[in-house]
Amino acid sequence: MSGDIELLNTTLAATRAADRAALIAYLPAGFPTVDGGIEAVKAVIAGGADIVEIGLPHSDPVLDGPVIQTADDIALRGGVRIADVMRTVREAHEATGVPILVMTYWNPIDRYGVERFTAELAEAGGAGCILPDLPVQESALWREHAEKHGLATVFVVAPSSQDARLATITAAGSGFVYAASLMGVTGTRASVGAQAQDLVGRTRATTDLPVCVGLGVSNAAQAAEVAGFADGVIVGSAFVKAMLDAPDEAAGLAAVRSLAGELAEGVRKR
């Protein structure tokens with residue numbers, strides 16, 4: 001069975017045709033529980049998210065700040081496994097028809113087996129993977145299997161990336177390019193900063209792939225700002241924080257749906 005890279009491509013093409021940025025939500029699998037995590041994904045999509053990234057919880061998430069680390073710890077202590085990540089992708093996609101990617105560090109895939117992981121993700125209806133710590137020069141095996149199974153390979157670029165390096169990264173990627181708005185880890189911030197706009201401009205000079213910005217966006221005003229220069233606005237920590245701060249799961253689901261609605265309005269007001 002083939003993965004859903006084409007759905008991802010057509011979704012991003014449709015938001016561009018509508019003259020707006022896509023809203024991309026991130027939530028970790030297994031948080032607060034596997035079932036609760038699936039319902040959270042459905043809630044952010046109901047609120048207005050166009051695309052969702054499912055985080056594969058990791059014990060040492062080098063790109064993630066304390067909010068997502070806390071959620072990952074809850075998921076891992078709850079016993080989450082890769083099978084639960086695949087189930088989250090499958091059930092969320094089947095219920096909504098929205099493109100679903102997995103964001104994961106390389107070690108779990110390496111241990112699980114690249115062919116097994118890509119085949120199962122495609123069978124679950126996944127659209128691709130975001131791989132923040134896989135060097136492009138070491139990605140040939142992954143890209144071979146991802147292409148075979150119809151999955152996007154999304155690489156992360158940073159403000160420190162030199163132009164020649166950007167060209168190497170974007171030439172190897174597919175789906176979209178994940179532009180980290182700043183040097184640092186995920187988390188909500190008062191300002192997204194001018195670095196992001198410069199990075200998007202330099203990245204676009206190397207590729208026709210959509211360029212989506214993450215790290216730091218937490219409210220409608222920031223979403224509108226980033227939507228003014230990016231093809232997609234990626235929000236993670238703000239959704240996770242809303243779940244963590246809620247008194248119970250039902251309140252958490254309501255909170256993430258409401259936040260998604262505000263952010264969806266923001267990307268339309270650029």
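A residue counts as exposed when its relative accessible area is over 50%, and as buried when that area is under 20%. The model is predicted. Asp19 has a relative accessible area of 57%, so Asp19 is exposed.

**Backbone details**
- Asp19 lies in the loop between helix 1 (5-17) and strand 1.
- The phi of Asp19 is near 60°, a positive value in a residue other than glycine.
- Phe31 and Pro32 are joined by a cis peptide bond, with omega about 0°.
- Pro32 sits in the loop between strand 1 (22-28) and helix 2 (34-47).

**Helix 2**
- Helix 2 has 14 residues, and at 1.5 Å a residue they should span 20 Å.
- The end C-alpha atoms of helix 2 are 20 Å apart, so the model agrees with that expectation.
- Helix 2 is mostly covered, with 10 of its 14 residues buried.
- Those buried residues are Val34, Gly36, Gly37, Ile38, Ala40, Val41, Ala43, Val44, Ile45 and Gly47.
- Strand partners of the buried residues are strand 1, strand 2 (51-55) and strand 3 (100-103).
- Helix partners of the buried residues are helix 4 (82-96), helix 11 (237-245) and helix 12.

**Helix 6 with helix 7**
- Helix 6 (residues 114-123) packs against helix 7 (residues 140-148) at an angle of about 30°, and their axes are 9 Å apart.
- Angles under 35 degrees count as roughly parallel, so helix 6 and helix 7 are roughly parallel to each other.
- Helix 6 and helix 7 make a right-handed crossing.
- Helix 6 brings Val114, Glu115, Phe117 and Thr118 to the contact, where they meet Leu141, Trp142, His145, Ala146 and Lys148 of helix 7.
- By class, this contact of helix 6 with helix 7 holds five nonpolar, two polar and two charged residues.

**Helix 10 with helix 12**
- Helix 10 (residues 220-227) and helix 12 (residues 249-267) pack with axes 7 Å apart, at an angle of about 35°.
- The crossing of helix 10 and helix 12 is right-handed.
- On the helix 10 side, the contact residues are Ala220, Ala223, Ala224 and Ala227.
- On the helix 12 side, they are Glu262, Leu263, Gly266 and Val267.
- The contact of helix 10 with helix 12 has six nonpolar residues, one polar and one charged.
- Helix 12 is also among the elements that the buried residues of helix 2 pack against.

How values were computed
Residues are numbered from 1 along each chain as its sequence is written. This is a predicted model: local features need pLDDT of at least 70, side-chain atom pairs count only at pLDDT 80 or more; totals for chains, interfaces and linings use all residues. Side-chain values use heavy atoms; hydrogens and water are left out. Helices (H or I, at least four residues) and strands (E, at least two) are DSSP runs, numbered from the N terminus. Buried means under 20% relative accessible area, exposed over 50%, partly exposed in between (1.4 Å probe, protein chains only). Axes are lines fitted to C-alpha atoms, for helices over the stretch in contact, and angles run from 0 to 180 degrees between N-to-C directions. A crossing is left-handed if the near helix is turned anticlockwise from the far one by less than a right angle, and right-handed if clockwise. Contact means heavy atoms within 4.5 Å. Ala, Val, Leu, Ile, Met, Phe, Trp, Tyr, Cys and Pro count as nonpolar, Asp, Glu, Lys and Arg as charged, and the others, Gly among them, as polar. The expected span of a helix is 1.5 Å times one less than its number of residues. Angles under 35 degrees count as roughly parallel, over 145 as roughly antiparallel, 65 to 115 as roughly perpendicular and the rest as oblique.
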